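Colleague: I am new to reading models. Could you take me through one, feature by feature?

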Amino acid sequence: MSVPVAYYLGLSAILFVIGVAGVLTRRNAIVVFMCIELMLNAVNLTLIAFSASLGSITGQALVFFAMAVAAAEAAVGLAIVIALFRNKQTVNIDDINVLKW
Amino acid sequence: MTLEFLIFFFVAAAAVTTALLMVLQRNPVMSAIYLIANFFCLAALYLLLHAQLLAVLQVVVYAGAIMVLVVFVIMLLNLGDERAAATRLNLRGIVAVVVSCALLVELLYLFAGSALDNGPPAVGADASRIGSVEGMGEALFGKFLLPFEVTSLLLLAAIIGAVVLARREPDGLRRPS
């Protein structure tokens with residue numbers, strides 16, 4: 001008997017929620033960024049589980065493109081963090097509030 | 001309990017543990033290392049699901065390229081531990097944990113409702129065929145050719161954007177602040 005697809009969905013739900021909790025509680029911009037990567041990976045796991053279960057390649061192709069987007073996001077996001085640090089000498093997201101009303 | 005179940009539960013436990021440790025660590029470098037461990041666990045799960053190419057890409061692209069970039073930026077900015085004020089239990093932290101737990105219960109209820117043990121198996125009949133390099137290559141250069149090519153534009157835009165954002169402005173061009 002094989003592992004049911006619902007087990008993978010449950011695992012990815014747990015990982016996603018851990019990522020959400022990290023984004024909401026952590027104050028370091030880079031750690032928040034890493035928590036977002038964790039959430040992206042949780043969704044990738046869901047897509048691959050469904051892809052393997054249904055025998056369809058579409059889910060895995062979608063994960064491939066999600067990885068490319070994640071790489072682009074990492075490059076631009078970290079460049080923004082560096083630019084922020086250069087201007088404000090901090091990456092604590094509580095101190096970066098110029099766009100807040 | 002077959003071997004597949006044992007491997008799944010072992011890797012799943014390792015993935016959840018490393019994810020929790022990543023969120024709970026105060027030091028950003030340790031967070032990054034636990035996240036890399038988490039990516040390796042996910043690569044093992046992809047292998048269990050017969051997604052060989054994506055398992056390799058997970059290790060090479062995520063654990064290799066992206067996390068090296070993250071660790072490099074952490075080292076470059078020379079960040080210390082997060083401020084001690086972040087550790088004390090404030091209202092925002094409690095709200096965050098409550099919201100996360102509510103989301104988790106909701107998601108698990110949704111999945112448990114779809115017949116947990118009688119549901120379809122995670123590895124279908126022809127799963128080993130589609131996840132190979134050959135299967136993925138046929139899909140990427142056939143059905144998904146246009147998105148595949150557009151991805152190159154996205155990466156080019158990201159490269160240019162990263163360079164423009166991270167470049168130090170020359171003194172003559174500095175905007176008055």
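Colleague: How many residues does the contact take from chain A and from chain B?

Modeller: Start with the ground rules. This is a predicted model: local features need pLDDT of at least 70, side-chain atom pairs count only at pLDDT 80 or more, and totals for chains, interfaces and linings use all residues. Residues are numbered from 1 along each chain as its sequence is written, while chains are lettered from A and ligands numbered from 1 in the order in which they are written. Two residues are in contact if their C-beta atoms, placed from the backbone, lie within 7 Å. Here the contact takes 61 residues from chain A and 75 residues from chain B.

Colleague: Which elements of chain A give two or more residues to the side that touches chain B?

Modeller: Elements are DSSP runs, numbered from the N terminus: helices are H or I, at least four residues, and strands are E, at least two. On the side of chain A that touches chain B, they are α1 (5-25), α2 (29-54) and α3 of chain A. The largest share, 21 residues, comes from α3(A).

Colleague: What classes of residue does that side have?

Modeller: Ala, Val, Leu, Ile, Met, Phe, Trp, Tyr, Cys and Pro count as nonpolar, Asp, Glu, Lys and Arg as charged, and the others, Gly among them, as polar. The side of chain A that touches chain B has 49 nonpolar, 9 polar and 3 charged residues.

Colleague: How do I read a pair of helices?

Modeller: Under 35 degrees counts as roughly parallel, over 145 as roughly antiparallel, 65 to 115 as roughly perpendicular and the rest as oblique. Take α3 (residues 58-88) of chain A and α3 (residues 52-77) of chain B: their axes come within 11 Å and cross at roughly 5°. So α3(A) is roughly parallel to α3(B). Residues making the contact include A:F64, A:M67 and A:L78 of α3(A), and B:L57, B:I66 and B:L69 of α3(B). The classes are 20 nonpolar, 1 polar and no charged.

Colleague: At what angle do α2(B) and α3(B) cross?

Modeller: The axes of α2 (residues 28-48) of chain B and α3(B) cross at roughly 175° and come within 8 Å. The two helices are therefore roughly antiparallel to each other. B:F39 and B:F40 of α2(B) are among the residues in contact, as are B:Y62 and B:M67 of α3(B).

Colleague: Which residues have a positive phi although they are not glycine?

Modeller: Most residues other than glycine have a negative phi. A:Q89 has a positive phi of about 60°, and B:H50 has one of about 65°. A:Q89 lies in the segment after α3 of chain A. B:H50 sits in the loop between α2 and α3 of chain B.

Colleague: Is B:H50 buried or exposed?

Modeller: Count other C-beta atoms, placed from the backbone, within 10 Å of the residue's own: 20 or more is buried, 12 or fewer is exposed, and in between is partly exposed. B:H50 is buried, because it has 23 such neighbours. A:Q89 is exposed, because it has 9.

Colleague: What is the count of buried residues in α4(B)?

Modeller: It is 2 among 23 residues, so α4(B) is hardly covered.

Technical notes
Axes are lines fitted to C-alpha atoms, for helices over the stretch in contact, and angles run from 0 to 180 degrees between N-to-C directions.
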